[in-house]
Amino acid sequence: MAPDIPLIATDPRAADALSRVRVLYTDLDGTLVAKGGSVLADAAASPSLVVAEQIVALNRAGLAVVPISGRGRTQLRELTQLLGWDGYIAEAGGIIVHGTGLDFQERVDLGEWPDDVAAPGLSPFETINQVRAAETLIEAFPGRVEHYAPWQLDREVSLLLRGCLDVAEGQAVLDTLPLPLDLVDNGMLRSYGTLTCRDMPPHAYHVVPRGVCKARAIDLDLAWRGLSREQAAAIGDSATDLQMADAVSVMTLVGNAFGSNGVVAGLEREPRDNVWRTAGDRTEGWAEFARVWRAAAG
Ligand SMILES: [Mg+2]
């Protein structure tokens, strides 16, 4: 438990910073949605309008919300359209899209990859598969990592895995491959699938082109929208979400984030002065943030 993170609802410094915020980048799983994935539920997954009421209020106030998630493009487009928003960031920062209709615009970010790294005719996802990144991790950590079925399919920029990995150890294995790749911890899962590890909760992991991350995607998106870092906030629950603090003025962690080893280690490794927490978990924490933001933004 990292004790020094102030509550968003009671810190005047947060209210001051939020008064200038016009766009919120929100993680989905473990943050905007309840256990099981519903947005129409409280933190314990019972039916509730706690988040829906705040979404409507933010939309009425003209405050923009951009989902940013490890999920793929199709999943993000459907959710963004349903909730009345106008853009989204998919695959852990690799795909940035404005618009949910047929006239959408997109930017694909390949991080630090040189232009000629992807083989002709292959997507970045296929290029990562060509060097056997998933297979190499699975062989190095038997029983501790697997494809996160069925969502590992239909992807363009990143691999999606499930496992119980030390990220530094997994990264060292990826570093033996002839392609610059990063291993990203995208937070805790509820199901082990066919994993045999039981010494830590299962996590979702992404293998991305080196440098691709949520913070970098927010930088690109803010520039595209003509907004500054001072006009942006982010909310999430995982170690990779915490890095969004580099790109926004207000970073908020929902209460359940503090159950993640990666989040606590990240806070201890790199103290930051622009991170706040909610008292509530998941949807209830999201609604708590939204109420504070609306009050501060006037
Ligand atoms: Mg999450």
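Let's start with overall size: a compact globule of 298 residues would have a radius of gyration near 19 Å, and the protein chain comes in at 18 Å, so the two agree. Keep in mind that this is a predicted model. The C-alpha trace spans about 50 × 45 × 35 Å along its principal axes, and the chain is built from 10 helices and 12 strands.

How much of the chain is tucked away? Of the 298 residues, 57% count as buried. The chain exposes about 12600 Å², with carbon and sulfur atoms supplying 52% of that. Among contacts between residues at least 6 apart in sequence, 66% join residues at least 24 apart.

Now for the charges. There are 26 positive and 40 negative ones, and their mean positions sit 4 Å apart. Side chains of opposite charge can pair when their charged atoms come close. A search of the whole structure turns up 18 salt bridges.

One of them joins D29 and R71, at 2.9 Å from N to O. D29 is in the loop between strand 1 (23-26) and helix 2 (50-61), while R71 is in the loop between strand 2 (64-67) and helix 3 (73-82), 42 residues apart. R71 is buried at 18% relative accessible area, whereas D29 is partly exposed at 39%.

Another pairs R272 with D246, at 2.5 Å. R272 lies in the loop between helix 9 (261-269) and strand 12 (275-277), and D246 in the loop between helix 8 (239-242) and strand 11 (250-253), so this pair ties together parts 26 residues apart in sequence. Salt bridges with shared partners also join D27, K214 and D241 into one network.

Terms used. Residues numbered from 1 in each chain as written. Predicted model: local features only at pLDDT ≥ 70, side-chain atom pairs only at ≥ 80, totals over all residues. Heavy atoms only, no water. Helix = DSSP H or I, 4+ residues; strand = E, 2+ residues; numbered from the N terminus. Rg over C-alpha atoms; globule rule 2.2 N^0.38 Å. Buried < 20%, exposed > 50% of the residue type's maximum accessible area, 1.4 Å probe, protein only. Contact = heavy atoms within 4.5 Å. Areas by Shrake-Rupley, 256 points an atom, 1.4 Å probe, with all protein chains shown as cover. Lys, Arg positive; Asp, Glu negative; His and termini not counted. Charge placed at Lys NZ, Arg CZ, Asp CG, Glu CD. Salt bridge = Lys/Arg side-chain N within 4 Å of Asp/Glu carboxyl O.
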